[in-house]
Amino acid sequence: MARIQIPLDALTSRLNLGSRLEGVRSQSLSTRFANLKPISEFLNLSRLSKPAGFGEVQSRVNYNLGYFSSNYVAVAIMLLIYSLLTNLTLLFDIIFVGVGLFGIKKLDGRDLELGFARATTSQLYTGLFVIAVPLLMWANPIGSALWLVGATGVSILGHASFMDKPIDTAFSEEAV
C-alpha cells in the first residue's frame, strides 16, 4: 500500500502561521487584550455570509485571524475554563498538585513533622505523585485536551471563515 504524503509546509505557509505566532509571542498580556474588538463587532450578524470558494475562505481566515486575534484568545480561554468546570476531577487534581507543590516548597527542605510521624521532602513528593497520577488518569486529561482543541478550532475557524471582511477592506484589496 502506498503512503500518502501530505505537504504540511505548503499548508502552513499559505496560512502564514509562522509570522502569526511570532507576533503572539512578542506581545505582552496587557497589549494582547488591549486589542479586543467590541462584542458588537465580533458577533456582527450582518457580516456573516457563506464564502464563494476555498480562496475566499482562505482570504477571510487570513484577515480575521489577524483582526480578531485577541478575541480568539479570549474565546480559547473561555473554552478552557468551561472544560475545567465541566471536568471537576481534573480541576481538583490541578489544584491539589499546585497546593501540594506550594506546601512542600514552603518547608524549605526541612522535614514535615507531625506529632506521630516525620516525612522528608522526597517522601512528600512521592506521596503527592502516588496520589496525583492515578487521579489524573481517572480525570481523562487527554479527552479534555482533545475536546478543547476541537471546540476551539471549530469555533475560531468557523467564525473566521464565515465572517466577511469589512467593506472598506474589501475595496482596498481590489484597488491594489
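Trainee: Is Arg118 buried or exposed?

Mentor: Buried means under 20% relative accessible area, exposed over 50%, and partly exposed in between (1.4 Å probe, protein chains only). Arg118 has 57% relative accessibility and therefore counts as exposed. This is a predicted model, in which local features need pLDDT of at least 70 and side-chain atom pairs count only at pLDDT 80 or more, while totals for chains, interfaces and linings use all residues. Residues are numbered from 1 along each chain as its sequence is written, and side-chain values use heavy atoms, with hydrogens and water left out.

Trainee: Which residues form a salt bridge with Arg118?

Mentor: A salt bridge is a side-chain nitrogen of Lys or Arg within 4 Å of a carboxyl oxygen of Asp or Glu. Arg118 pairs with Asp111, the closest N and O atoms being 3.1 Å apart, and with Glu113 at 3.6 Å, N to O. Asp111 is partly exposed, because its relative accessible area is 28%, whereas Glu113 is exposed.

Trainee: How many salt bridges are there by this rule?

Mentor: The count is four. Among them is the pair Glu56 and Arg60, with closest N and O atoms 2.8 Å apart. Arg60 counts as buried because its relative accessibility is 2%. Glu56, Arg60 and Asp164 are linked in a network of salt bridges.
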